[in-house]
Amino acid sequence: MKIVVLSDAGFAAAVDRAGAPVPSSDPSVQAQNDAPYVKGALVEAGHDVVAVVVDDLSDLDRVVDEDPDLVVNLCDSLLGDPQRADLVPALLDAHGVPHTGGDAFATGLCKRKQHVKHALVARGLPTPKYQCIERDDDVDAFVLRLTPPVILKLTGEHASVGIDGGSVCFDDAAVFLAFFAACSSS
């Protein structure tokens, strides 16, 4: 079987070009680190495997040109932007290339947790209460509508990316400080 193991160098490369350290917990770094192990296991199982690290969009064209039997999609971002990750399965699906992971809709929805929560609530499915705080919300008008303790989580990430001890807030002031400090630092 001809398999392409696909990962995105974009985010790590963008952070590196900016002169900032790339944390080893970053999803694009983890995918790059996992790719050789995935490739090795597939080669050991007798497959013809090519690893492709996406640095620009022509790399995605190269994947399609490889005409693989399967793409193992490890892209949590595309060209450094997590919100573009859904373009990878969209392109693969458009060319009829089988791949691991969700389709473009599922991948996109995973990067927009507030929409998933809204859909669950609208259909009467049980889900913990939530409040989405936007970057452009008026700081002076901020009101926490939930009863603490609460956990602050990035809506565009998965696998607990961005959650640490400071994400657990026990009162309105802690939510306010943690959220708006994160906004001002990015």
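User: Before we get to the sheet, what makes two strands pair?

Analyst: Two strands pair if DSSP finds at least two bridges between them. This is a predicted model, and in it an open sheet of 3 strands has the order 2-1-3, with parallel pairing.

User: Ok, and which strands stand at the edges?

Analyst: Those are strand 2 and strand 3 (70-73), and each has a single partner strand, so one side of each lacks a neighbour in the sheet. From one strand to the next, the twist averages 20 degrees.

User: How many bridges join strand 1 to strand 2?

Analyst: There are 7 bridges between these two parallel strands, and Asp8 stands opposite Val54 of strand 2.

User: Where does helix 3 lie?

Analyst: Helix 3 lies across strand 1, strand 2 and strand 3, and runs at about 165 degrees to strand 2.

User: Switching to Asp59, is that buried or exposed?

Analyst: Asp59, which belongs to helix 3 (residues 57-66), has a relative accessible area of 12%, and because buried means under 20%, Asp59 counts as buried. Leaving aside its neighbours within four places in sequence, Asp59 is in contact with Val52, Val53 and Val54.

User: And what is in the largest nonpolar core?

Analyst: That core has 12 residues, among them Val4, Leu6, Val52, Leu60, Val63 and Leu92, and the elements giving two or more residues to it are strand 1 (2-8), strand 2 (48-54), helix 3 and helix 4 (87-94). A second, separate core has 9 residues, including Ile133 and Phe142.

User: What does Val63 touch, sequence neighbours within four places aside?

Analyst: With those set aside, Val63 is in contact with Val4, Leu6, Val52, Pro68, Val71 and Leu92.

How values were computed:
Residues are numbered from 1 along each chain as its sequence is written. This is a predicted model: local features need pLDDT of at least 70, side-chain atom pairs count only at pLDDT 80 or more; totals for chains, interfaces and linings use all residues. Side-chain values use heavy atoms; hydrogens and water are left out. Helices (H or I, at least four residues) and strands (E, at least two) are DSSP runs, numbered from the N terminus. Buried means under 20% relative accessible area, exposed over 50%, partly exposed in between (1.4 Å probe, protein chains only). Contact means heavy atoms within 4.5 Å. A nonpolar core is a set of buried Ala, Val, Leu, Ile, Met, Phe, Trp, Tyr and Cys residues joined through side-chain atoms within 4.5 Å. Axes are lines fitted to C-alpha atoms, for helices over the stretch in contact, and angles run from 0 to 180 degrees between N-to-C directions.
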